[in-house]
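This report describes the strands, a helix pair and a pocket of one protein model. The sequence and the structure are shown first.

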Amino acid sequence: MSRTPLHPTREQIELPMVLDCLSDPIRLAIVYQLAQQERVSSELRCGDFNGLSGKSNLAYHFAKLRECGLMQTRVAGTNRFMRLRREDMDARFPGLLDAVIKSAAKDADRLQLMAGCEVVEAD
């Protein structure tokens, strides 16, 4: 049995699922943090989001983000590394991800998008 989580293909990514997924504040915070981290490193570990919620709740949100096509998860040993599927999102819905991230950045304080999150600097 493969430990690699299932991801939708680019063609299977649907706009209603993506928008529904982004309507949740925790999932929006995860996407926002992944986008902010892209400048330093393309991936973050599950533990980098512990400030947002508990482990089981985060696992649920990670699965939703993966299932809708916003995020890709890579398993390496006991670690799970996540990154945005920017190329796929831009190909399917040009400008959507940038617009969401830009809007979230304007409201980051009000939405408490980065409250309690640990951001790991690249070596």
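In this predicted model, Leu44 is found opposite Met82, a residue of strand β3. The two residues belong to a pairing in which β1 (residues 44-45) and β3 (residues 79-84) run antiparallel and are joined by two bridges.

**Sheet**

β3 also pairs with β2 (residues 71-76), again in the antiparallel sense, and here the bridges number six. Together the three strands form an open sheet with antiparallel pairing, and their order is β1-β3-β2. β1 and β2 are the edge strands, each of them pairing on one side only.

| Residue | Opposite residue in β3 |
|---|---|
| Leu44 | Met82 |
| Gln72 | Arg83 |
| Arg74 | Phe81 |
| Val75 | Arg80 |

β2 and β3 form a hairpin with two residues between the strands. In this hairpin Gly77 adopts a positive phi, near 65°.

**Helix pair**

Helix α1 (residues 15-22) packs with α3, their axes lying 9 Å apart at an angle of about 155°. Because this angle is over 145 degrees, α1 counts as roughly antiparallel to α3. The crossing in which α1 passes α3 is left-handed.

**Largest pocket**

What is the volume of the largest pocket? The value is about 270 Å³. The lining of this pocket consists of 15 residues, and those closest to the centre are Cys46, Ala59, Phe62, Arg80 and Met82. The elements that contribute two or more residues to the lining are α3 (55-68) and β3. Which element gives the most to the lining? That is α3, with six residues. Sorted by class, the lining of the largest pocket comprises six nonpolar, five polar and four charged residues.

Strand β3 pairs with β1 and with β2, and β3 is one of the elements giving two or more residues to the pocket lining.

How values were computed:
Residues are numbered from 1 along each chain as its sequence is written. This is a predicted model: local features need pLDDT of at least 70, side-chain atom pairs count only at pLDDT 80 or more; totals for chains, interfaces and linings use all residues. Side-chain values use heavy atoms; hydrogens and water are left out. Two strands pair if DSSP finds at least two bridges between them. Helices (H or I, at least four residues) and strands (E, at least two) are DSSP runs, numbered from the N terminus. On a 1 Å grid over the protein atoms alone, a cavity is a set of points where a 1.4 Å probe fits but cannot get out, and a pocket is an open set with protein on both sides within 12 Å along at least five of seven lines; lining residues have an atom within 4 Å of a point. Grid points are joined across faces, edges and corners, and a volume is the space filled by probe spheres set on the points. Ala, Val, Leu, Ile, Met, Phe, Trp, Tyr, Cys and Pro count as nonpolar, Asp, Glu, Lys and Arg as charged, and the others, Gly among them, as polar. Axes are lines fitted to C-alpha atoms, for helices over the stretch in contact, and angles run from 0 to 180 degrees between N-to-C directions. Angles under 35 degrees count as roughly parallel, over 145 as roughly antiparallel, 65 to 115 as roughly perpendicular and the rest as oblique. A crossing is left-handed if the near helix is turned anticlockwise from the far one by less than a right angle, and right-handed if clockwise.
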